[in-house]
Amino acid sequence: MDKEHEVLLNGFVIAKKRYRVYYNAGILVWEEEAAKKAKVAVPITDILSVVLSNRANPTTNGRKRWLECTNSPKAASSSSTSSSSSRSAKATSDGGPHDSSLDSDRIPVLSSSLSSTTTTNTLATSSHSNRDSSDELSNSDVRREGDFYGDGSKTIVGKYLIIHYAALVCPKTSRWRVKNVVLHNAEQRIVNHWYTRLTDDLRDQKRPKNLLLFLNPYGGKKNALALYERFAKPLFRLADVDVNLIITQRAQQIYDIVTSKGITLGCYDGLVCCGGDGTFAELFNGLVARTMADLGLDVKHPPYLPKPNIPIGVIPAGSTDTVAYCLNGTTDIKTSIIHIILGQHSGLDIAAVYDATSVKQPENQPGVRPRPQLLKLYASVLSYGYLGDIAYDSEKYRWMGPKRYDYSGFKKFLRNRGYNGEIIVNIDRDGKHDPNDGVRCVEKCSRCHRAIFGLRDSTFTGGGSSSDGDENSAEQQIVISGKFLMVNGANISCSCQRSPQGFSPFCHLGDGQLDLVVVRHTSLFNNLRLLLTMTSKSKKISDLPFVEIYRTKEFRFTTPYVGNSGAGERSRLSRWNCDGEVLVETNIIVESNCQLVNVFRRGIIPDRAADTMLQTMTTPSTAALPNDDKGSSCFGLCK
Ligand SMILES: Nc1ncnc2c1ncn2[C@@H]1O[C@H](COP(=O)(O)OP(=O)(O)OP(=O)(O)O)[C@@H](O)[C@H]1O
């Protein structure tokens, strides 16, 4: 019988109770024999690893020593520039630590400039493999979360089958955790059969097995390395994911490494960064630039933006982590790592910012429209005025950590400056793209699905000329001018922990549209209303009378001043805050690129669907389940 139609059905002991366990069509189910209704179902797509063991409760022998080394990020970071061993040593016979486990996944890079030769050589030789080292799990997680542990053995001996799987433990906070179930059967043959079948099916899952991971130790609370060591490393080991880790030593280094022709990206199943929005922006800016260069396109004045064929991911360790929040519905680090490991990915729109004042005719192509200069790509928001001023000012206070935004924000709030400008935006005539339609971007979003398959002409129109004078066009061009507190081009909803609804709660991740959020200059009192609304869990800023939202594919912004005729003129201009970084060019064109990059993510499961999912996974209640499965419903209180 072929594997797909074969049903495995056996009795196993789980936590001293007898269970009927079956596996069919990629779903593993266990139900207690005495209380048939208590059933747990886990799809193979959510299983991280299957381990054979001789013991039901593997001791933590040896792992403590591993923890002692890895919990010292200082020691670790000081070694990041030194040469690392080419491959981690095999586990010692007592299941203890690897001699070089601490540094074996680091790739040394030069701090001042990128030496492509050095990096290439190192990349080629220092791949750290987890496939022979899954015993090195951090038991810190066992103590803290009680949701998983590992076992030292991977040989085909043992009557315990330890299955680690991912589960949504809190729909309200979208948090996922790794749980485990230990199946025991006295017959070695049965256990072996289950082990072989499950590991076979796991191998068939298209998961990233080899990642290039950039870690920014400087962003957020400067604890990215400690977070990586504590949460990411044990989970990657558990799931046998090889990681090449590069700890950045300066801004723009990720961009430089990714765009360096000396590095072969094709040998990786994904590029991941551990940091904030700025770090993620460096990663996809570099990757798209690299793709352009590989295709021989003009990187400064590209005729179009090509789609990279390697998925990317972000492990949140920055100050606001808006992108991670919008991708996963949480900035919980374990959730992001789990989704990267499970390998599901989908398209994310990326907006491109062009300098409207620098346009170039493509060489040897006289008939082709002149191209503006590409300044930057962004994934969350581009913001002129209030938030641009904060980005510029807060950089001086980075030593304060995330609190710098409060400090600079308060200063700029009291100043209440307004900036003159003119926006030209194309919106659709028939109102199909309504930014206030109440439809959120959730798992299997049909709007994003339609956008990628319904892609028509995605060529750049250079600020809305597609509808000029065309009566039958589906789009109409409107001009918005005046004094603004801020002008924002939101690529995603921009919700984050501080602002649960974000700029535009119904903005989608992959529909090829931007939400232009215009906030008029008004009184200090109204600004206070705006800030309170931004931090509210239920109110939307579009309800305020001085806020307008337009859904569009592109817009153009111009100021009445050029900014290069002296300090007086410059002082009347703000800057753009582009994913947290400062852009000084004020006259720009912004264009959305439908699902330009693929990102590791699962999609946010809507509350009601998640509740149903939890009910089907654990019926009738979690009370009858083994210990590890209790606590599946935390009513939004989980940490
Ligand atoms: N080793 C480093 N030293 C100095 N700057 C760095 C280093 N590595 C990366 N950077 C830069 O640090 C900047 C800030 O990083 P990041 O955006 O990740 O953190 P953040 O600003 O605290 O978080 P968020 O953007 O989520 O608010 C990025 O622009 C990145 O280029």
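Colleague: Two strands pair if DSSP finds at least two bridges between them; which residue in β17 is the bridge partner of Phe484?

Modeller: The partner of Phe484 is Arg520 in β17. Helices (H or I, at least four residues) and strands (E, at least two) are DSSP runs, numbered from the N terminus. Please note that this is a predicted model, in which local features need pLDDT of at least 70 and side-chain atom pairs count only at pLDDT 80 or more, while totals for chains, interfaces and linings use all residues. Residue numbers start from 1 along each chain as its sequence is written.

Colleague: In which sense do β16 and β17 pair, and over how many bridges?

Modeller: β16 and β17 are antiparallel, with 6 bridges. β16 also pairs with β15 (residues 419–428), again antiparallel, through 10 bridges. Within that pairing, Asn420 has Lys483 of β16 as its bridge partner. A further antiparallel pairing joins β14 (residues 381–385) to β16 over 5 bridges, where Gly385 stands opposite Met486.

Colleague: And where does Arg498 lie?

Modeller: Arg498 belongs to the loop between β16 (475–490) and β17 (514–520).

Colleague: Why is it partly exposed?

Modeller: Arg498 has 15 other C-beta atoms within 10 Å, so it is partly exposed. The cut-offs are 20 or more other C-beta atoms within 10 Å of a residue's own for buried, 12 or fewer for exposed, and partly exposed in between, with C-beta atoms placed from the backbone. Arg498 and Lys537 are 39 residues apart in sequence, and their C-alpha atoms are 9.3 Å apart.

Colleague: Changing topic: is Lys233 buried or exposed?

Modeller: Lys233 counts as buried, because it has 23 C-beta neighbours inside 10 Å. This residue sits in helix α6. Its C-alpha atom is separated by 41 Å from that of Leu530, 297 residues apart along the chain.

Colleague: What does the chain do around β8 and β9?

Modeller: β8 (residues 210–215) pairs with β9 in the parallel sense over 6 bridges, and Asn210 is opposite Asp242 of β9. From β8 the chain passes through helix α6 (residues 224–238) to β9 in a right-handed β-α-β crossover.

Colleague: Why is β9 largely enclosed?

Modeller: Of the 6 residues of β9 (residues 242–247), 6 are buried, so the rest of the structure largely encloses the strand. In a regular strand, side chains alternate between the two faces of the sheet. Here both faces are covered, with Asp242, Asn244 and Ile246 buried on one side and Val243, Leu245 and Ile247 buried on the other.

Colleague: Which residues come nearest to the ligand?

Modeller: Gly219, Gly276, Gly278, Gly318 and Ser319 come nearest, out of 22 residues around the ligand; a residue is near if its C-beta atom, placed from the backbone, lies within 6 Å. Helix α8 (residues 277–294) gives the most to this shell, with 4 residues. By class, the shell has 3 nonpolar, 14 polar and 5 charged residues. Ala, Val, Leu, Ile, Met, Phe, Trp, Tyr, Cys and Pro count as nonpolar, Asp, Glu, Lys and Arg as charged, and the others, Gly among them, as polar.

Colleague: Finally, how is the protein divided?

Modeller: The division is into domain 1 (8–57 + 156–204), domain 2 (207–343) and domain 3 (349–359 + 371–458 + 473–595), with bounds from an automatic or database domain assignment. The C-alpha centres of domain 1 and domain 3 are 47 Å apart.

Terms used:
Pairing = 2+ DSSP bridges. Right-handed = clockwise from strand over helix to strand, strands pointing away.
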